[in-house]
Amino acid sequence: MRTEKTDIVIIGAGPAGAVAAGLLRKQGRQVLVIEQQQFPRFSIGESLLPQSMAYIEEAGFLQDVVEAGFQYKNGAAFRRGDKRTAFDFRDKFSAGWGTTYQVQRASFDHVLIKAAEKAGAEVRFTHKVEAVDVAGERPRLTVKSPDGEIYEIEAGFLLDASGFGRVLPRLLDLETPSGFPLRSAFFTHVEDRITDPDFDRNKILVSVHPEHVDVWFWTIPFSNGRCSQGVVARAEFFERFPGDETAKLRAIIGETPTLSHLLKDAVWDTPARTLTGYAANVKSLWGRNFALLGNAGEFLDPVFSSGVTIAVKSASLAAACIGREAAGESVDWQADYATPLKAGVDAFRAFVESWYRGGFQDVIFHPQPSDDVRRMISAILAGYAWDLKNPYVAQPARLSTLEQLCAVAS
Ligand code: FAD
């Protein structure tokens with residue numbers, strides 16, 4: 001079997017892999033990305049958060065993203081029964097980008113990885129990583145090419161950005177339970193034909209089922225008159241709805257008058273898909289000469305659209321550690337990579353848990369909200385979950401106190 005040598009090898013060409021590749025090319029490193037699929041390819045995760053723009057910019061990809069013509073996004077709107085509220089991310093506690101995009105991931109991921117290629121990364125599409133050996137001085141990958149050839153790559157450092165493929169967690173027995181119950185998502189793209197003047201295409205809309213506080217829908221408008229439409233619930237909730245994925249999705253929307261009214265003229269031209277059990281965690285985000293990025297590490301839940309932001313944040317932190325090691329500094333991957341990354345993930349986790357309890361919903365639908373608190377929440381919803389100046393990031397447990405106050409008042 002032939003063995004190739006490279007400086008950095010990245011598994012997966014999604015946002016984590018592409019941004020890591022761009023950042024490492026800026027350091028002048030030799031970068032090889034192995035991607036099992038041909039791009040463009042479908043992926044879920046279409047509503048970005050403004051915080052992600054900082055890492056897209058840091059990687060040198062900003063112009064490519066801006067010029068791609070995606071739907072502008074400046075906030076998030078929420079509806080539960082007759083209650084409505086909206087957050088404008090430009091009005092937030094933390095400094096930084098207040099706007100971003102809603103993207104068809106097939107094109108967005110392609111834009112990012114083409115930008116990485118332009119910056120000098122080599123990307124091999126339709127090559128699949130089948131085995132990994134990290135016991136030696138340098139990590140070794142076994143890869144299958146599209147014509148069936150099996151070859152090896154030996155690298156100075158390995159980044160696993162394989163997303164839900166979870167290559168290293170599976171092969172190195174790093175998986176650990178996420179702590180969230182088993183949930184499923186059913187979703188599709190529709191030609192939405194929405195005419196409601198209150199519907200703001202510059203915001204993601206999150207609607208809550210009228211009877212089940214833990215069942216929610218996303219409506220993510222794109223720039224071409226279409227929307228991504230999905231529903232999330234515990235896996236067993238879907239069993240009582242007959243038919244295929246599209247029938248189930250439409251039936252649950254049918255139980256939610258605000259949303260079914262909004263989508264009354266929609267053209268359902270694309271069969272729905274489903275994903276179950278996507279929440280995942282690992283025992284460790286790093287090891288000798290390797291690190292896990294984005295979804296290959298931890299994935300919480302889609303409700304606050306934090307996945308791509310966490311993915312590109314992890315790429316930025318890991319690339320900085322690799323750069324410091326190359327400059328001869330000693331890096332403590334736990335203290336310099338895993339702990340700072342997890343701080344933000346844990347802030348998001350507190351909000352996700354509160355959402356499913358219904359407490360966060362009482363907070364955002366509160367009739368007399370405090371402006372200061374709303375700006376702090378707006379910052380977290382915009383992805384600034386690593387800003388320790390925000391009291392709800394520094395002490396996520398404060399959210400429970402806020403929930404109790406709002407529950408008493410409502
Ligand atoms: P991915 O984008 O999954 O990329 C991983 C790549 O690795 C893939 O291209 C795959 O083909 C490749 N790969 C896998 N295995 C191998 C292998 N063996 N060899 C070679 N290549 C391999 N996030 C948001 O930010 N906003 C949202 O609105 C949002 N909504 C979501 C809704 C749902 C229902 C779910 C489940 C998730 C959602 N997410 C959202 C999360 C988002 O999908 C992910 O967090 C994000 O795609 C992670 O990016 P990544 O680069 O880590 O992985």
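Predicted model: local features only at pLDDT ≥ 70, side-chain atom pairs only at ≥ 80, totals over all residues.

Colleague: Okay, which residues come nearest to the ligand?

Modeller: There are 37 residues around the ligand, and the ones that come nearest are Glu-35, Ile-44, Ser-47, Asn-295 and Val-308.

Colleague: And which element gives the largest share of that shell?

Modeller: That's α9, with 3 residues. Elements that each supply at least two residues include α1, β2 and β8.

Colleague: How much of the ligand's accessible area does the protein cover?

Modeller: 97% of the 1000 Å² that the ligand has on its own.

Colleague: Switching to strands: in which sense do β1 and β10 pair?

Modeller: Parallel, over 8 bridges, with β1 at residues 3–11 and β10 at 150–160. Thr-3 stands opposite Glu-152 there. β1 also pairs with β2 (residues 31–35), again in the parallel sense, over 4 bridges. In that pairing, Ile-10 has Val-33 as its bridge partner.

Colleague: What handedness does the unit of β1, α1 and β2 have?

Modeller: Right-handed; it's a β-α-β unit, with α1 covering residues 15–26.

Colleague: Now the serines. Is Ser-94 buried or exposed?

Modeller: Buried, because its relative accessibility is 3% and the cut-off for buried is under 20%. Ser-94 sits in the loop between β5 and β6.

Colleague: What does the Ser-94 side chain make a polar contact with?

Modeller: The side chain of Asp-387, at 2.6 Å. Beyond its sequence neighbours within four places, Ser-94 is in contact with Ala-379 and Tyr-384 as well as Asp-387. Ala-379 is one of the buried residues of α12 (371–381). Just after that helix, Gly-383 has a positive phi of about 100°.

Colleague: And where is Ser-178 found?

Modeller: In the loop between β11 and β12. Ser-178 counts as buried because its relative accessibility is 16%. A polar atom of its side chain lies 3.0 Å from the backbone nitrogen of Phe-180.

Colleague: What does Ser-178 touch, not counting residues up to four places away?

Modeller: Ala-279, Ala-280, Asn-281 and Arg-349.

Notes. Residues numbered from 1 in each chain as written. Heavy atoms only, no water. Buried < 20%, exposed > 50% of the residue type's maximum accessible area, 1.4 Å probe, protein only. Polar contact = N/O pair within 3.5 Å; in protein donor to acceptor, adjacent residues only side chain to side chain. Contact = heavy atoms within 4.5 Å. Pairing = 2+ DSSP bridges. Right-handed = clockwise from strand over helix to strand, strands pointing away. Near = heavy atom within 4 Å. Areas by Shrake-Rupley, 256 points an atom, 1.4 Å probe, with all protein chains shown as cover.
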